[in-house]
Amino acid sequence: MGIMATMEATNAAFNHCCKDSGFFMVFKCREENAALKECLTLHYKDPVFFEECKQEYIREKLEFERTGIPTKSRKQKLPTSM
């Protein structure tokens, strides 16, 4: 199983536990939460992924400096139909 497939499965297990546990998810989903944290930590220590994130951040920062419009605002203002 690849990193992304493992991450998706771990996230799905955590989400399922939270939905089934309601208010008590903090207590009932400790194992799933720990697995998710471990998966995230391994993923974020990957130098290739770190570099991809860094390059995306730099692109968005340069675009903001050029336009003055944050990425979220720019994406939300796109027309939905023509």
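Reply: The chain's accessible surface is about 7,200 Å², and carbon and sulfur atoms hold 61% of that area. Areas come from the Shrake-Rupley method with a 1.4 Å probe, and for residues only the protein chains shown count as cover. The model is predicted: local features need pLDDT of at least 70, side-chain atom pairs count only at pLDDT 80 or more, and totals for chains, interfaces and linings use all residues. Numbering starts from 1 along each chain as its sequence is written, and side-chain values use heavy atoms, with hydrogens and water left out.

Of 82 residues, 15% are buried (under 20% relative accessible area; exposed is over 50%, partly exposed in between; 1.4 Å probe, protein chains only). The chain has five helices and zero strands. Helices are DSSP runs of H or I with at least four residues, strands are E runs of at least two, and both are numbered from the N terminus.

Now the helix itself. Helix α4 covers residues 47-67, which makes 21 residues. From first C-alpha to last, α4 reaches 30 Å, close to the 30 Å expected at 1.5 Å a residue. That expected span is 1.5 Å times one less than the number of residues.

Start at the N-terminal end. Aspartate 46 caps α4 there. A side-chain oxygen of aspartate 46 lies 3.2 Å from the backbone nitrogen of valine 48.

Methods: Polar contact = N/O pair within 3.5 Å; in protein donor to acceptor, adjacent residues only side chain to side chain.
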